[in-house]
Amino acid sequence: MTFNMSGEMDNGWSVAAHTAMTDQHALTTSAVALTMGDLGKITSGYGYGGNSANFDEETPRAYEQVDDGSGGGGTSMNLVGSKNDNGGLNYTSPAIDLGGMSATVYLGYTPVASDTALAGGATHGVSTMGAGRDAGLAISHDSGLSAGIYAAERERENNGGTISDAFEGTWYVNYSMGPVSIGYQESYNDSGNTPATAAAASDKTYDTSPGIFEANQYAIAFNVNDDLSVSYQKVEDTYDNQGGVAVNGGAAIVDATMDIKSLSAAY
């Protein structure tokens, strides 16, 4: 069940909001956006993707992202910056015309970047994560070229068992010519955990066993006609063993790579 609202203020600014719930009445996503004319837009909410939703797995596709339905929480590329979208403020600039090229800037700040959604009136309490910040730039050119770069960081308040703050970043470039679109993207995720802590877990998916992950993806999409489009996508998501750390006196953990290929069509 989803509720949507929108309206205009006396000064010409507009406001929009949405709330979506599952059939168990569990909140899945909610957000409020204030569009301030030429000053840009400010958005705040829970579980709506934040600024990162404009940069995760942005290669061309006929239907969904390459890891849709793959299980295991998705690729690390799909989770870049996803922990910064709860309870923060995100700013989107208006499109900036640069003579044949358009640029949009994204900035965000989250006081407690713990990826936790709170009920009304609730507080975070003591958290191992501090503030989170992110920034992104997306550009498009009249020639069919588009590109983007994005980075997010989260501070560690409790450094026990960790060695650094968390950092996540990605960049992509796409090109469209007639009915054909091609694209390439890379991402890097470092949760700040010690090598031994990250390697000790058997599950090497980024959402359940944080460590260092590097991913690359390429795709090609083709519009057959006005009604039918098809695409092929491939992603390799690699867990970095950080020098082959031995766990509990055993053998060193080697790199592990998840490889996903996707064929999709839309009519």
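The side chains of Thr-59 and Gln-217 are joined by a polar contact of 2.6 Å (a pair of N or O atoms within 3.5 Å, where within protein one must be able to donate a hydrogen and the other to accept it, and residues adjacent in sequence count only if both atoms are side-chain atoms). The model is predicted, with local features requiring pLDDT of at least 70 and side-chain atom pairs counted only at pLDDT 80 or more, while totals for chains, interfaces and linings use all residues. Residues are numbered from 1 along each chain as its sequence is written, and side-chain values use heavy atoms, with hydrogens and water left out.

Thr-59 lies in the loop between strand 4 (41-46) and strand 5 (89-92); helices (H or I, at least four residues) and strands (E, at least two) are DSSP runs, numbered from the N terminus. Thr-59 counts as buried because its relative accessibility is 1% (buried is under 20% relative accessible area, exposed over 50%, partly exposed in between, with a 1.4 Å probe and protein chains only). Leaving aside residues up to four places away in sequence, Thr-59 is in contact with Asn-174, Gly-183, Tyr-184, Gln-185, Gln-217, Ala-219 and Gln-233 (contact means heavy atoms within 4.5 Å).

Glu-57 is found in the loop between strand 4 and strand 5 and is buried, with a relative accessible area of 0%. Most residues other than glycine have a negative phi. Phi of Glu-57, however, is positive, near 50°.

The largest nonpolar core consists of seven residues: Phe-55, Val-80, Tyr-106, Ala-138, Tyr-150, Ala-152 and Tyr-172. Such a core is a set of buried Ala, Val, Leu, Ile, Met, Phe, Trp, Tyr and Cys residues joined through side-chain atoms within 4.5 Å. With residues up to four places away in sequence not counted, the contacts of Tyr-106 include Asn-51, Phe-55, Tyr-91, Asp-134 and Ala-138.

Ile-220 is placed in strand 12 (residues 212-223) and is partly exposed, with a relative accessible area of 41%.

Over the whole chain there are one helix and 14 strands. Of its 267 residues, 38% count as buried. Among contacts between residues at least 6 apart in sequence, 54% join residues at least 24 apart. The accessible surface of the chain comes to about 13,700 Å², and 56% of this belongs to carbon and sulfur atoms (areas come from the Shrake-Rupley method with a 1.4 Å probe; for residues, only the protein chains shown count as cover).
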